[in-house]
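Hello,

Here is the structure I promised to pass on. Please open it next to this message; my notes follow below.

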Amino acid sequence: FGAASISSPGVIHHSEGYGFPLGEPNRTNSERATALSKVLTTAGFRAPVRKDFREEVWLKLLGNLTFNPISALTGATVADITNYQQASDLCRDMMLEAEQVAKQLGCTLRVSVDRRLQRARDLVGDHKTSMLQDVEKGKPIEVDILNGVVEVASLTRSQIPAISAIAKCTNLLNHVLEKNTKSKL
């Protein structure tokens, strides 16, 4: 998956990742996914069309729901998080919780949680997540994905104590950022 940052208005710095799997949520093959795959492949990206696209979404979500909020709350890069044992353990716990939610929805991930963590450690490095970039700019952060997992876990009666705790802290951080943004207006 890609990692990027905005270095200035209109300038995106791509730091890692050329894989952009594509597909349809209903697991059908579509002309639009195939056409987009051809365009991205021509541009130098790996863009396979996958029938199991929902699983790809969950695999990407494992990183977003762990690295993003932890980095926003602590100011840590992905390398800081994955190389600090307690933070890495927390990520692993959260990923295992999310994997259980995915399984309740019929999604089996093609990459293990440990492999997902290892790939982040080896490939992403000192990248600042999008949430951390927003915090550093004093902007409200995107909490919908994290809150969505909490909601889906509730519907599937999945136990997600680590995700829930981080979600509560992240929502508080977002509340403070929103309040500060409004006070500057």
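Start with α8, which has 24 residues. From its first C-alpha to its last, α8 reaches 35 Å, close to the 34 Å expected at 1.5 Å a residue. Keep in mind that this is a predicted model.

Which residues of α8 are buried? They are Ala-162, Ile-163, Ile-166, Ala-167, Thr-170, Leu-173, Asn-174 and Leu-177. The cover over them includes α2, α4, α6 (130-136) and α7.

Next, the cores. In soluble globular proteins, nonpolar side chains tend to be buried together. Here the largest nonpolar core holds 31 residues. Trp-58, Leu-62, Leu-65, Phe-67, Ile-81, Met-94 and Ile-163 touch the most other members. Six helices each supply at least two residues of this core: α2 (53-74), α3 (78-83), α4 (85-104), α5 (113-124), α7 (144-155) and α8 (161-184).

What does Ile-163 touch, leaving out residues up to four places away in sequence? Its partners are Leu-65, Met-94, Glu-97, Ala-98, Leu-146, Val-149 and Val-150.

Now the packing of α2 against α5. Their axes come within 11 Å and cross at roughly 65 degrees. The crossing is right-handed. On the α2 side, the contact is made by Leu-59, Lys-60, Leu-62, Gly-63 and Phe-67. On the α5 side, Val-113, Arg-116, Leu-117 and Ala-120 take part. By type, the contact residues divide into 6 nonpolar, 1 polar and 2 charged. Leu-62 and Phe-67 are also among the core residues that touch the most other members.

Arg-27 lies between β2 (11-16) and α1 (31-42). Its phi is near 65 degrees, a positive value in a residue other than glycine. Arg-157 sits in the loop between α7 and α8. Its phi is positive too, at about 60 degrees, although Arg-157 is not a glycine.

Arg-157 has a relative accessible area of 73%, so it is exposed.

Best wishes

Definitions and conventions. Residues are numbered from 1 along each chain as its sequence is written. This is a predicted model: local features need pLDDT of at least 70, side-chain atom pairs count only at pLDDT 80 or more; totals for chains, interfaces and linings use all residues. Side-chain values use heavy atoms; hydrogens and water are left out. A nonpolar core is a set of buried Ala, Val, Leu, Ile, Met, Phe, Trp, Tyr and Cys residues joined through side-chain atoms within 4.5 Å. Buried means under 20% relative accessible area, exposed over 50%, partly exposed in between (1.4 Å probe, protein chains only). Helices (H or I, at least four residues) and strands (E, at least two) are DSSP runs, numbered from the N terminus. Contact means heavy atoms within 4.5 Å. Axes are lines fitted to C-alpha atoms, for helices over the stretch in contact, and angles run from 0 to 180 degrees between N-to-C directions. A crossing is left-handed if the near helix is turned anticlockwise from the far one by less than a right angle, and right-handed if clockwise. Ala, Val, Leu, Ile, Met, Phe, Trp, Tyr, Cys and Pro count as nonpolar, Asp, Glu, Lys and Arg as charged, and the others, Gly among them, as polar. The expected span of a helix is 1.5 Å times one less than its number of residues.
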